[in-house]
Structure formats: structure tokens, C-alpha cells
Amino acid sequence: MKNILFILVVCLMVSVVNAAPSVDARQERRQQLVHEYLTRALSSSDLNKENEFGDTPVFTAAQNGDVTAILKYGKQAATGTFLLHIGKNGNNVFHVARNAQTFQALARELRHFYPNDYKIKIRQMMNQRNQLGEIPVQTQINYGRADTFRIAFPYTEIYEKIMAVKSKLDKGGIVAEVAQTEAAVVIELSKDGSGRTIAQAARDNAAAPGMDRVISFFHENASYL
């Protein structure tokens with residue numbers, strides 16, 4: 001009986017050892033497929049074509065933080081429409097950007113293609129809500145990516161209203177009383193589809209690197225959130 005148990009344990013250990021490389025191999029294969037997809041897109045004229053996951057080349061590049069690919073697409077494209085594409089779940093490219101560097105690269109390309117309308121375009125995209133009711137900066141905070149907050153938030157309607165309310169609250173008196181009503185509007189505007197405010201999302205992700213600065217911003221400027 002002991003011998004049988006010993007053999008079973010050995011077999012189990014061997015199967016686990018053999019399974020590990022297969023997992024690594026699958027991950028490596030997936031990375032290879034992503035690389036091949038991005039490379040093919042560089043030689044293709046259709047940057048709006050979706051892959052089997054419903055993503056266009058620039059979405060895949062943004063998700064993977066591939067700034068080099070994003071900049072190459074910018075040189076390749078005749079227009080900037082590929083940056084305005086709405087993907088699955090109602091996301092735009094800023095919703096899925098991997099980090100601050102990716103955000104900045106996308107913004108540079110947007111400015112390149114729309115030099116006269118850049119402020120309008122970037123504001124529209126930063127205030128665009130996906131199917132979860134999130135603007136890009138909310139999605140980024142939900143992922144724990146605090147590094148994009150400083151870049152994205154000043155372009156949002158929520159930021160503008162927060163600063164307007166703060167200015168009135170700081171003045172005190174009747175002006176501050178009026179601001180209380182406006183603060184209620186900000187609270188509703190800052191909620192995602194689940195009813196959670198952007199400040200609550202930051203507090204829920206307090207352990208993420210740099211999130212303490214995001215939380216401090218809301219504490220200092222919009223404690224009512």
C-alpha cells in the first residue's frame with residue numbers, strides 16, 4: 001500500500017513539473033501572437049480592422065503599453081480616425097491605456113492629427129463613458145493605475161466642477177451655501193454605473209502605487225466625495 005501511495009505521489013509531482021512549462025509556453029505563445037498582430041498592422045493600411053477579440057491595432061498596442069507601435073501607426077495613418085474608434089464595452093483608447101507613457105503617446109498622436117481641434121477632441125474622449133459608466137480616468141483608477149490621474153483628470157468635466165465648487169466654498173458665506181448645491185451635482189457626475197464616486201474608487205485602491213496622492217487630491221479639494 002505504501003509503495004502504491006509513493007508511486008502516486010511521484011506521478012503527481014511529475015505531472016505538476018511537466019505542466020509548468022506548458023503554462024509558460026502558452027504565455028510565451030500569446031505574447032508572440034500579440035507581437036505578430038501588431039507587426040502585421042504596421043504593414044496594413046486598415047488600422048480600424050478589429051481582431052478576434054474585438055480590438056483594433058491601436059487598442060492592442062495601448063493595452064500592452066507598446067508606445068513604439070502607437071507612434072508608428074501615427075506615421076502610417078492618413079487620418080486620426082483610428083484613434084477615435086470605440087471598442088468593445090464602449091471603451092476608447094484612453095480607457096485601455098496601460099500606463100502614463102501610453103496615455104502621453106496617444107495624446108501626442110491626437111494632437112498631431114487634430115492640431116486645431118485638439119482641446120475639443122481630448123476633452124470629448126476624456127469625458128466619454130463606457131458601458132460601465134466610467135470615463136477613462138475612472139477606469140484607470142479601478143485598475144489601480146494612479147500614474148494616469150495627473151494627465152487625464154484636468155481634461156474632465158468633473159475636475160472643472162470640483163475646482164469651481166472649491167473656489168466658492170473657500171469664499172464662505174452665501175457663496176459657499178450655493179456651492180453646497182453644486183457639490184451635490186459633482187457627486188452625481190463623479191459616479192460610475194455602480195454608483196461609486198471616483199474618490200471612493202481611489203480609496204478602494206489605496207494600496208496601489210501613487211494612489212495616496214490621488215486620495216489626497218480629493219481630500220483637499222472635494223472631501224464631500
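**Reading the helices of a predicted model**

Mentor: Keeping in mind that this is a predicted model, we can start with helix H6, residues 118-126, in which Tyr118, Ile122, Met125 and Met126 are buried.

Trainee: Which helices do the buried residues of H6 pack against?

Mentor: They pack against helix H4 (93-96), helix H5 (100-113), helix H7 (136-142) and helix H8 (149-152).

Trainee: Why is H2 called roughly antiparallel to H3?

Mentor: Helix H2, residues 57-64, and helix H3, residues 67-76, pack at an angle of about 155°, with their axes 8 Å apart. Because angles over 145 degrees count as roughly antiparallel, H2 is roughly antiparallel to H3. The crossing in which H2 passes H3 is left-handed.

Trainee: Which residues make that contact, and how do they divide by class?

Mentor: From H2 come Pro57, Val58, Ala61 and Ala62, and from H3 come Ala69, Ile70 and Tyr73. By class, the residues of this contact are 7 nonpolar, with no polar and no charged ones.

Trainee: How do you know that H3 is roughly parallel to H5?

Mentor: The axes of H3 and H5 come within 9 Å and cross at roughly 5°. Since angles under 35 degrees count as roughly parallel, the conclusion is that H3 is roughly parallel to H5. On the H3 side the contact is made by Val67, Ile70, Leu71 and Gly74, while H5 supplies Gln101, Thr102, Ala105, Leu106, Arg108, Glu109 and Phe113.

Trainee: How many residues of each class does the contact of H3 with H5 have?

Mentor: The contact of H3 with H5 has 6 nonpolar, 3 polar and 2 charged residues, and Gly74, one of its residues, is placed with the polar ones because Gly counts as polar in this scheme.

Trainee: How many helices and strands does the protein chain come to?

Mentor: The secondary structure comes to 12 helices and 0 strands. Of the 225 residues in the protein chain, buried residues make up 40%, and among contacts between residues at least 6 apart in sequence, 66% join residues at least 24 apart.

Notes: Residues numbered from 1 in each chain as written. Predicted model: local features only at pLDDT ≥ 70, side-chain atom pairs only at ≥ 80, totals over all residues. Heavy atoms only, no water. Axes fitted to C-alpha atoms, helices over the stretch in contact; angles between N-to-C directions. Helix = DSSP H or I, 4+ residues; strand = E, 2+ residues; numbered from the N terminus. Parallel < 35°, antiparallel > 145°, perpendicular 65-115°, else oblique. Left-handed = near helix turned anticlockwise from the far one by under 90°. Contact = heavy atoms within 4.5 Å. Buried < 20%, exposed > 50% of the residue type's maximum accessible area, 1.4 Å probe, protein only.
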